[in-house]
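I opened this one to see how the chain is laid out. I wrote down what I looked up, one item at a time.

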Amino acid sequence: MEQGNGNYEMGSYDQQQPADATTLLNKCREINDGVADLRAKREGQLVAAQNAMLDSSNVKEDQVSRQTLDYIEDELNNGFRYLRDLLKKIKQTPGSGDSRVQTQIDNTSRNIRREIEQYQKAQSDFRKRLTEQVRRRYEIANPEASPEDVDQGVQNVLLGQEQMFQVSGSRTGQANDARKAALERSAAIRKIEQDMSELGRLYQEVAELVHQQDPAVEQINQGAEDVAGNVAQANTQISHAIDSARRARKWKWYALLIIILIIAIVVGVAVGVTQANK
């Protein structure tokens with residue numbers, strides 16, 4: 001599944017060819033194994049990297065720990081994208097409407113979404129702790145700032161406005177170290193927020209995949225809709241034809257009556273003329 005540097009390669013199989021249930025169930029099992037791998041990475045490597053970032057005490061440690069944290073977060077994000085794409089492949093494969101496959105797809109989708117939720121929760125808690133550290137370091141760099149000034153300064157730093165980070169006081173060296181530490185943490189916070197937004201969209205996509213129909217079923221439904229449309233159109237044409245036939249028959253009777261009247265008139269005139277001559 002994993003091919004180094006957090007890059008994932010999609011297992012290839014022809015999605016246009018009908019697949020038996022066993023093949024699709026094996027693909028679902030592969031996804032569940034991938035979820036377990038991501039869970040282990042989150043509970044192990046991610047937690048370790050987060051603690052290293054929180055415990056770092058100098059600028060060099062801050063930089064190294066943040067690079068490590070970014071790397072692990074990217075691996076997790078890539079992993080979730082891979083699982084989403086693989087689940088999409090399964091849903092687009094004819095035969096995925098099998099009841100056994102559909103049940104497993106539902107379970108697999110829930111597993112992915114549950115792990116996304118756990119990852120988001122871990123990142124949200126970590127973000128709060130980082131924000132507290134940014135505030136503490138801002139206070140160290142600006143010991144004379146009021147609570148309101150600290151709140152505004154921290155907000156500016158979190159928005160990436162590094163130029164707003166003021167350093168004052170006689171302990172300039174310590175203040176500068178605090179400033180650099182705060183900026184490293186604010187950059188980590190902004191990345192977390194960006195990742196959380198993407199994870200929210202990915203979560204929704206995985207949820208929606210469950211409700212998509214098997215392509216074969218969609219084709220059948222489309223065919224049924226086409227047949228229904230053709231039948232309705234044929235019925236309309238038949239109705240028009242029946243109405244036309246009825247109107248034609250009615251005009252035929254009218255024409256027949258007119259002919260009979262004309263004949264009667266002609267005969268009457270002829271008889272009248274004959275009687276007059278006699």
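These are my entries, from the overall layout to single contacts.

**Ground rules.** I noted that this is a predicted model, where local features need pLDDT of at least 70, side-chain atom pairs count only at pLDDT 80 or more, and totals for chains, interfaces and linings use all residues. Residues are numbered from 1 along each chain as its sequence is written, and side-chain values use heavy atoms, with hydrogens and water left out.

**Layout.** I counted six helices and zero strands. Helices (H or I, at least four residues) and strands (E, at least two) are DSSP runs, numbered from the N terminus. I then looked up burial: 33% of the 278 residues are buried. Buried means under 20% relative accessible area, exposed over 50%, and partly exposed in between (1.4 Å probe, protein chains only).

**Helix α1.** I found α1 at residues 21-55. Its 35 residues reach 50 Å from first C-alpha to last, close to the 51 Å expected at 1.5 Å a residue. The expected span is 1.5 Å times one less than the number of residues. I saw a bend of about 35° at Arg-42; the bend is the angle between axes fitted to the seven residues ending there and the seven starting there. At the N-terminal end, Asp-20 caps α1, with a side-chain oxygen 3.0 Å from the backbone nitrogen of Thr-22.

**Helix α2.** I checked residues 59-91 next. This helix has 33 residues and reaches 48 Å, close to the 48 Å expected. At its start, a side-chain oxygen of Asn-58 comes to within 3.2 Å of the backbone nitrogen of Lys-60.

**Salt bridges.** I used this rule: a side-chain nitrogen of Lys or Arg within 4 Å of a carboxyl oxygen of Asp or Glu. The count came to 20. Arg-42 turned up again here, in a network with Arg-39, Glu-43 and Glu-115.

I looked at Glu-184 and Arg-66, whose closest N and O atoms are 2.6 Å apart. The pair links distant parts of the chain, α5 (residues 172-209) and α2, 118 residues apart. Glu-184 is buried at 14% relative accessible area, while Arg-66 is partly exposed at 22%.

I also looked up Glu-193 and Arg-127, which meet at 2.5 Å, N to O. Glu-193 lies in α5 and Arg-127 in α3 (residues 99-141), so this pair ties together parts 66 residues apart in sequence. Glu-193 is partly exposed at 35%, and Arg-127 is partly exposed at 28%.

Note on methods. Polar contact = N/O pair within 3.5 Å; in protein donor to acceptor, adjacent residues only side chain to side chain.
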